[in-house]
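Here is a short report on one protein model.

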Amino acid sequence: MGIVINQMRKEYLYRFEKQFSYVGFKPLMNKGYTFQNTHYDYMPTYRSVGHSSIFTGGDPSSHGILTNDWYDPLEHKEIYYT
């Protein structure tokens with residue numbers, strides 16, 4: 001399982017650590033992983049593209065997620081990724 005929190009700086013985990021409960025962030029911090037010095041080697045960094053890269057370990061050319069929307073030919077419109 002992985003959790004991505006957009007716009008949350010890693011420093012906030014330690015800054016607000018005393019406010020976390022033992023059924024929330026504390027177990028994740030104690031038994032989980034955090035990553036330092038990570039970089040995206042592509043542009044633009046749309047949300048769905050970034051999450052796909054994080055969880056597959058690949059870039060957009062390998063996982064195929066290129067944007068937050070896709071075109072549905074049956075509906076004849078763009079659909080948001082959620």
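H76 sits in the loop between β1 (69-72) and β2 (77-80). Strands here are DSSP runs of E with at least two residues, helices are runs of H or I with at least four, and both are numbered from the N terminus. Phi of H76 is positive, near 60°, in a residue other than glycine. H76 is exposed, at 60% relative accessibility. The cut-offs are these: buried means under 20% relative accessible area, exposed means over 50%, and partly exposed lies in between (1.4 Å probe, protein chains only).

The model is predicted: local features need pLDDT of at least 70, side-chain atom pairs count only at pLDDT 80 or more, and totals for chains, interfaces and linings use all residues. Residues are numbered from 1 along each chain as its sequence is written, and side-chain values use heavy atoms, with hydrogens and water left out.

**Helix α3**

S48 belongs to helix α3 (residues 47-56). Is S48 buried or exposed? S48 counts as buried because its relative accessible area is 6%. The side chain of S48 makes a polar contact with the side chain of N68, at 2.7 Å. A polar contact is a pair of N or O atoms within 3.5 Å; within protein, one must be able to donate a hydrogen and the other to accept it, and residues adjacent in sequence count only if both atoms are side-chain atoms. Beyond its neighbours within four places in sequence, S48 is in contact (heavy atoms within 4.5 Å) with I65, T67, N68 and Y81.

The buried residues of α3 are S48, V49, G50, H51, S52 and S53. Their cover includes α4 (60-63). After α3 comes G57, with a positive phi near 80°.

**Aromatic pairs**

A pair of aromatic rings is described by the distance of the centres and the angle of the planes. Rings of Phe, Tyr and Trp (its six-membered ring) pair if their centres lie within 6.5 Å; planes under 30 degrees apart count as stacked, over 60 as edge-to-face and the rest as tilted. By this rule there are 2 aromatic pairs.

| Pair | Centre to centre | Angle between planes | Type |
|---|---|---|---|
| Y12 and F16 | 5.8 Å | 65° | edge-to-face |
| F20 and F25 | 4.9 Å | 45° | tilted |

Y12 is partly exposed, with a relative accessible area of 30%. F16 is partly exposed at 31%. In the other pair, F20 is buried, with a relative accessible area of 16%, while F25 is partly exposed at 27%.

**Charge pairing**

Side chains of opposite charge can pair when their charged atoms come close. How many salt bridges does the structure hold? It holds 1 salt bridge, defined as a side-chain nitrogen of Lys or Arg within 4 Å of a carboxyl oxygen of Asp or Glu. E11 and R9 form it, with their closest N and O atoms 2.7 Å apart. E11 is partly exposed, at 43% relative accessible area. R9 is also partly exposed, at 49% relative accessibility.

**A nonpolar patch**

Which residues form a nonpolar patch on the surface? They are M1, I3, I5 and L28, with about 460 Å² of accessible area together. Areas come from the Shrake-Rupley method with a 1.4 Å probe; for residues, only the protein chains shown count as cover. Patches are made of residues with over 30% relative accessible area and no salt bridge: like charges are joined within 9 Å, nonpolar side chains (Val, Leu, Ile, Met, Phe, Trp, Tyr) within 5 Å. L28 lies in helix α2 (residues 25-31). L28 is partly exposed, with a relative accessible area of 36%.
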